Amino acid sequence: MQDIAELEGELLSPVAAAGDLEALEAARIAALGKKGRLTLLMKGLGALDAEERKNVASALNGLKDRLGAALLDRRQALEAVALERSLEAERIDITLPARPESSGRIHPVSQVMDEIAEIFGAMGFTIAEGPDIEDDFHNFTALNMPPEHPARQMQDTFYLRPRPDGSRKLLRTHTSPVQIRTMESRPPPYRIIAPGRTFRVDSDQTHTPMFHQVEGLVIDRGIHMGHLKGVLEAFARAFFEVEAVKMRFRPSYFPFTEPSAEVDIGCLRQGGELRIGEGQDWLEILGCGMVHPRVLRHVGLDPEEWQGFAFGMGIDRIAMLKYGIPDLRDFFEADLRWLRHYGFAAFDVPGLSGGLSR
Amino acid sequence: MKLTLGWLKQHLETSAPPAEIIDRLTAIGLEVESVHDPAAALKPFSVAEVLSAEPHPNADRLKLCRVRTNGGTVQVVCGAPNARAGMKTIFAPVGSTIPGTGLVLKPSTIRGVASEGMLCSAREMGISDEHAGILDLPASSDVGQPIAVLLGLDDPVLEIKLTPNRADCLGVRGIARDLQAAGLGRLKPIDESAVPGRFKSPVGLRIADAAASACPLYIGRLVRGVTNGPSPEWLQRRLKAVGLRPISALVDVTNYFTMDLARPLHVFDADRLAPGGIMVRLARPGETIAALDGRTYELDGEMCVIADESGLQGLGGVMGGAASGVTLETANVFIESALFDPVRTAATGRKLGILSDARYRFERGVDPAFAGLGMEMATRLILDLCGGEASEPVIAGAEPTWQRDLSFRPARVQQLGGLDVPEDEQVRILEGLGCGVSARPESLDVRVPSWRGDLVEEADLVEEVARIAGFDRIPSVPLPGLPQVSRPALGATQRQVRLARRVLAGRGLVEAATWSFTSRKLAALFGGGGADLVLENPISAELDAMRPSLLVNLIAAAGRNVARGQDDVALCEIGPIYADDTPEGQGLAAAGVRRGRNQPRHWSAASRDVDVFDAKADALALLAALGVAGDSLTVAAAAPSWYHPGRSGVVRLGPKTMLASFGALHPSVLAALDVKGPLVGFEVHLEALPKPRPKATKARPPLTLTELPAVERDFAFVVAASVPAEQIVRAARLAAKDLIADVGVFDVFTGEALGPERKSVALAVRLEPKVKTLTEAEIDAVGQAIIAAVGKATGATLRG
């Protein structure tokens, strides 16, 4: 009977020396395979007497356990090395560009319309709409512009071809007809804004035949110009995202408001940069006034009971002011370079809690 | 409206400094657009005296002058022939910019002699074309006196942007009156005395009945024995300051009254009028007139004319005729001061394309009570300037009734305007504007002055008081009854629009805003172009019809981007489309186009051309985001004609409602738009979508989750090539509705092995049991049911 300790050395050394999994497997088979040396010894136990068998079996089992543990250790070590090697072989250049993703943009007019809706929504306004193709009554007559009014002249208004009955539709020249449609559709009070497309026969450096306006209308009992001032100042502060906006209400004239005003905001032009709210220059941003009693009477409201204000503001214009966009005509060019530069990311949803813009 | 500050002060007694006047004008609604101070450019120049003028030692034509200036005595080399000792002239110091040439004067040496400045001509000062010599100023001029003051060029010119309601401010006096009301001074009285007539006018006058409304009042007057010539300096200077060219005294007087008092006048050479006198009538259609602007106009029967027996002598309220215009030889002048109807005058001017100062005033409304006094004042000035002797006035028609009393409650200023103006201040303002105010128990009675045709009801007076008191006195007040937490401002469709825009941008589409117009020809290609949507007055033929689809302008925009070198385009728009000219005919669509490759070239994966399934994915993703998806939708190859007939489709909800179309565009449409493909697009009709109904609860239906394993099985069917894949999928899905969670198509191919006109469609079917784990037998049974259902619906067989 060979010395167990000697045997252990002979069996463990090839395990320790195994440089790869094949060598390790050969070492295992040499010891524990069907004809392995330890297997044969275990098989030979039957020939021993009971006392000796007990001793030898105990020794062999101990050896078997240690051998198993050594094999496992060695296997794990070899596998770790092999994994490391194969991972090393998988190394690639991670500085290569990632897979392309396309990202769209939101047009500045849409973004600014959303901003406007947020601000006026918080002041209790809802959004009203009306058609782009209007009739004479809603665009002019009901707004206290009789047929001979200069604003109805051909050079301002796009007309559709006359119908067989002689009447002709037009493209609304302002969003004000939505005031009329709103007041026709339901009883007062009203607190609405109406953003949308408007059209005038005008095309030069600063005018496009189509542009965007937002109309505001508040009719209730006891609404006066002080409320108009309050609403517009609150809007300007929120929209331009400044603490205070210097504002000037200048008396003006619109057929459908009385008194009427144009509103300028203070601004500072410095080194090609425009700062809103401060400074010595004035920029006109909107027209407004108390809704003319004749307009109220046109929709069957008694001006002694119901009164309020209306305003109209150029959306493109305030978008240009806020975001420093130089040329109105580019708004409608659909130039991808312009849209990517001045547009907004899909997830930049304006809100009052999270801020209107980044 | 242009005026000078000095002119204003002729009407307004005021001590207010110019800056205050300018600020207040804007504050009361007479917006000062610009202020031009002609003195600014003349600031460096002052009067100098030539002490001596000796011949230049080295040049025959030059003189060597010693000049006394406000900066001491200097030596100037001068080439002017009129330079002489003792004369007063204009001195330009070194460093000044000569207005007439724009050049900066430098110290120089001329032919060896130093010159320390320059003596100037009128042209060099930019005040006239006179350049024969240096300006010869009166001997009484003081050395050192600023030239601008001496020449009366120190009067700043204001340009006021008048609103169309303020016809009264189309004369300088009207502006002065507003300033009086604003407390900035007192309106100076005007001489209202009449000029006595010395004889009866030989020129008769009549207004035809048909023209009675076109010209309610016509006053004429003959001044005989006048001497016409240049008008005096002060008058010329004023006219020039506001941009008018002085012509002759008689003509300048008419222009002066137009600008000064908003009272247009006309003067005829009485000797060039036919003997029968003047008739105001409507033109006969086709009649022509040679007007003072040198052009001949053909008239229609709506236009009001001034005629005599020989023909037309004037277009009422618009322009005089050339035949009887005054000249420097005119000895007898017939003055016209009339009233012409605003609407007709505007129409005449518009139709003929004449924009005159007279038309501008008449169409806005001229003071109906001032025609007579205007005539007296004009007569007096003509007599002063040109001499002669005036006839009695001849009057046809009568002053129309303009008197109007308005009941005015001072409390309305607070109620409408929101500002507190004490009643006595209100009265002061109204009186300052020329109103007569008398107190009643509950209100004031306000007599509107003749020149304020724009004041017709109480609200107008509220505006007058508020604007003169100042809008800056209006306090800023928050709206009453603001909700603590605001409700949504947007309606259902508006929310869909907002969502659609961000869904599409999230899919890589860049939002554009394109014209609502296109050309009629292109509109027709997209199902539009009907006569009811064609513009009468487009800005160009390319934009003469309302667009029937968003795609037309998006495709054109894609083309423009390609032309700029952007080959891969992904654009979208959410906006209006127009089916007819009624409010209901205006639709709302969301559309997109993709052009070029689906992605940039990349090392890891090949890019490919965009195809119909990119457009389909966009359309379906948008519909899904808007809450329309799944089984309720069917897709059919029935897209409109602007798509490729074999590579396009429509998405329907139920059998009829078309929600969307998608596909490759028809090559002939791309050719018409001059865009090269590959290009695909889609259009979703947002107004056709089912409107989300307000729900009683926001709670979701309960969810049952099981731990039972899901099973996937694949089936490859061989079927006629014409059978739509959707039919196969639908049949499979319905074969065991409760178990089948999803059916995908993972392979489609055709090949000779399948036989002609056959294709193989491979489905991946996912079974999700809800009650118990499926046995093999149960799975097989479902498989058989699928095979049977698909076979029955499409004639497909399982591929062997």
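Chain A of this predicted model contains 11 helices and 10 strands. With a radius of gyration of 43 Å, well over the 21 Å that the globule rule gives for 358 residues, chain A is more spread out than a compact globule.

**Extent and domains of chain A**

- The C-alpha trace of chain A spans about 130 × 55 × 45 Å when it is followed along its principal axes.
- The domain assignment divides chain A into domain 1, which covers 4-89, and domain 2, which covers 108-342.
- Taken over C-alpha atoms, the centres of domain 1 of chain A and domain 2 of chain A are separated by 91 Å.

- Of the 358 residues in chain A, 51% are buried, and the chain exposes about 16500 Å², of which carbon and sulfur atoms supply 52%.
- When contacts in chain A between residues at least 6 apart in sequence are considered, 65% of them join residues at least 24 apart.
- Chain A carries 42 positive and 53 negative side chains, and the centres of these two sets lie 2 Å apart.

- The buried residues of H7(A) are Pro177(A), Val178(A), Gln179(A), Ile180(A), Arg181(A), Thr182(A) and Met183(A).
- An α-helix has 3.6 residues a turn, so residues three or four places apart point the same way.
- Pro189(A) is located in the loop between H7 and strand E4 (190-199) of chain A, and a cis peptide bond with omega of about 0° joins Pro188(A) to Pro189(A).

- Along its principal axes, the C-alpha trace of chain B extends over about 130 × 85 × 60 Å.
- Buried residues account for 51% of the 800 residues in chain B, while the accessible surface of the chain comes to about 36000 Å², with 53% of that surface belonging to carbon and sulfur atoms.
- For contacts in chain B between residues at least 6 apart in sequence, the share that joins residues at least 24 apart is 69%.

**Backbone details in both chains**

- Most residues other than glycine have a negative phi, and most peptide bonds are trans.
- Ala334(A) has a positive phi of about 60° although it is not a glycine, and its place is the loop between helix H10 (315-323) and helix H11 (336-342) of chain A.
- The relative accessible area of Ala334(A) is 1%, and the residue is therefore buried, since the cut-off for burial is under 20%.
- In chain B, Ala262(B) also shows a positive phi, here of about 55°, although it is not a glycine, and this residue sits in the loop between helix H7 (249-261) and strand E15 (266-269) of chain B.
- Ala262(B) has 9% relative accessibility and so counts as buried.
- A cis peptide bond, with omega of about 0°, links Gly677(B) and Pro678(B), and Pro678(B) lies in the loop between helix H18 (667-672) and strand E36 (679-685) of chain B.

**Ala716(B) and its surroundings**

- Ala716(B) belongs to strand E37 of chain B, which is made up of residues 711-720, and with 21% relative accessibility it counts as partly exposed.
- Leaving aside neighbours within four places in sequence, Ala716(B) is in contact with Ser760(B), Val761(B) and Ala762(B), and likewise with Thr797(B), Leu798(B) and Arg799(B).
- Between Ala716(B) and Lys88(B) there are 112 Å in space, C-alpha to C-alpha, and the two are 628 residues apart in sequence.

Definitions and conventions
Residues numbered from 1 in each chain as written. Chains lettered and ligands numbered in written order. Predicted model: local features only at pLDDT ≥ 70, side-chain atom pairs only at ≥ 80, totals over all residues. Heavy atoms only, no water. Helix = DSSP H or I, 4+ residues; strand = E, 2+ residues; numbered from the N terminus. Rg over C-alpha atoms; globule rule 2.2 N^0.38 Å. Buried < 20%, exposed > 50% of the residue type's maximum accessible area, 1.4 Å probe, protein only. Contact = heavy atoms within 4.5 Å. Areas by Shrake-Rupley, 256 points an atom, 1.4 Å probe, with all protein chains shown as cover. Lys, Arg positive; Asp, Glu negative; His and termini not counted. Charge placed at Lys NZ, Arg CZ, Asp CG, Glu CD. Domains from an automatic or database assignment.
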